[in-house]
Amino acid sequence: MTHSGDPPRIVRLTPADAQSFDAMLDLFAAAFEDTENYSTARPGSDYRKALLARDDFVALVAIADARVIGALVTYELRKFEQERSEFYIYDLAVSQEQRRKGVATALIAELGTIAKARGSASIYVQADLGDAPAVALYSKLGTREDVLHFDLSLDDP
């Protein structure tokens with residue numbers, strides 16, 4: 001993955017990691033071809049620091065050759081029916097030139113370590129039907145459930 005063949009270093013971002021946070025947003029903007037959401041109104045310093053300080057928010061980056069080549073953002077959701085939680089992978093991306101080299105799997109494995117240490121029941125993620133690489137990755141790592149997703153408008157009906 002790096003020029004020396006070493007695996008990337010997986011790092012959990014902290015409130016002090018402004019540069020890596022911005023690099024993560026750049027990666028998501030490029031991978032998802034979505035500069036509007038990831039680049040035009042980035043969080044300010046106070047917001048970013050507070051978010052990264054939260055216990056239920058995890059941002060992981062894969063670093064190789066001193067640059068962010070992969071990133072995963074997840075939220076821990078505390079359940080109400082039992083004293084447990086689940087981790088929801090909100091975003092996961094790997095730079096184009098580093099795909100299919102185990103970076104996403106390494107990020108998910110690190111999340112698994114964090115989730116197990118916190119006594120979490122599971123990790124779950126959504127994938128778009130047309131995103132064959134994501135569907136293949138998640139099918140390899142977990143059990144597929146076909147569900148419907150709805151975005152509910154907050155505008156007046």
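## The sheet

Strand 1 and strand 2 (residues 57–64) run antiparallel, with four bridges joining them. One of the contacts to look for pairs Ile10 with Ala62 of strand 2 as its bridge partner. Keep in mind while you browse that this is a predicted model.

Zooming out, the sheet is an open one of five strands, ordered 1-2-3-4-5, and its pairing is mixed. Strand 1 (9–12) and strand 5 (122–125) sit at the edges with a single partner strand each, so each has one side left without a neighbour in the sheet. On average, neighbouring strands here are turned by 25° against each other, ignoring direction. As background, strands in a sheet pair through backbone hydrogen bonds, and they can do that parallel or antiparallel.

In soluble globular proteins, nonpolar side chains tend to be buried together. Here, the largest nonpolar core has 20 residues, and the ones touching the most other members are Leu60, Leu72, Leu92, Leu107 and Ile108. At least two residues of this core come from each of strand 2, strand 3, strand 4 (85–94), helix 4 (103–117) and helix 5 (132–141). Helix 4 gives the largest share, with seven residues.

## The second largest pocket

Helix 1 accounts for the largest share, at six residues.

Most residues other than glycine have a negative phi. Ala66, though not a glycine, has a positive phi of about 65°. Is Ala66 buried or exposed? Its relative accessibility is 77%, so Ala66 counts as exposed, the cut-off being over 50%.

Glu33 is another non-glycine residue with a positive phi, in this case about 50°. Glu33 belongs to the loop between helix 1 and helix 2 (35–39). With 76% relative accessibility, Glu33 counts as exposed too.

Conventions: Residues numbered from 1 in each chain as written. Predicted model: local features only at pLDDT ≥ 70, side-chain atom pairs only at ≥ 80, totals over all residues. Heavy atoms only, no water. Pairing = 2+ DSSP bridges. Axes fitted to C-alpha atoms, helices over the stretch in contact; angles between N-to-C directions. Core = buried A, V, L, I, M, F, W, Y, C linked by side-chain atoms within 4.5 Å. Buried < 20%, exposed > 50% of the residue type's maximum accessible area, 1.4 Å probe, protein only.
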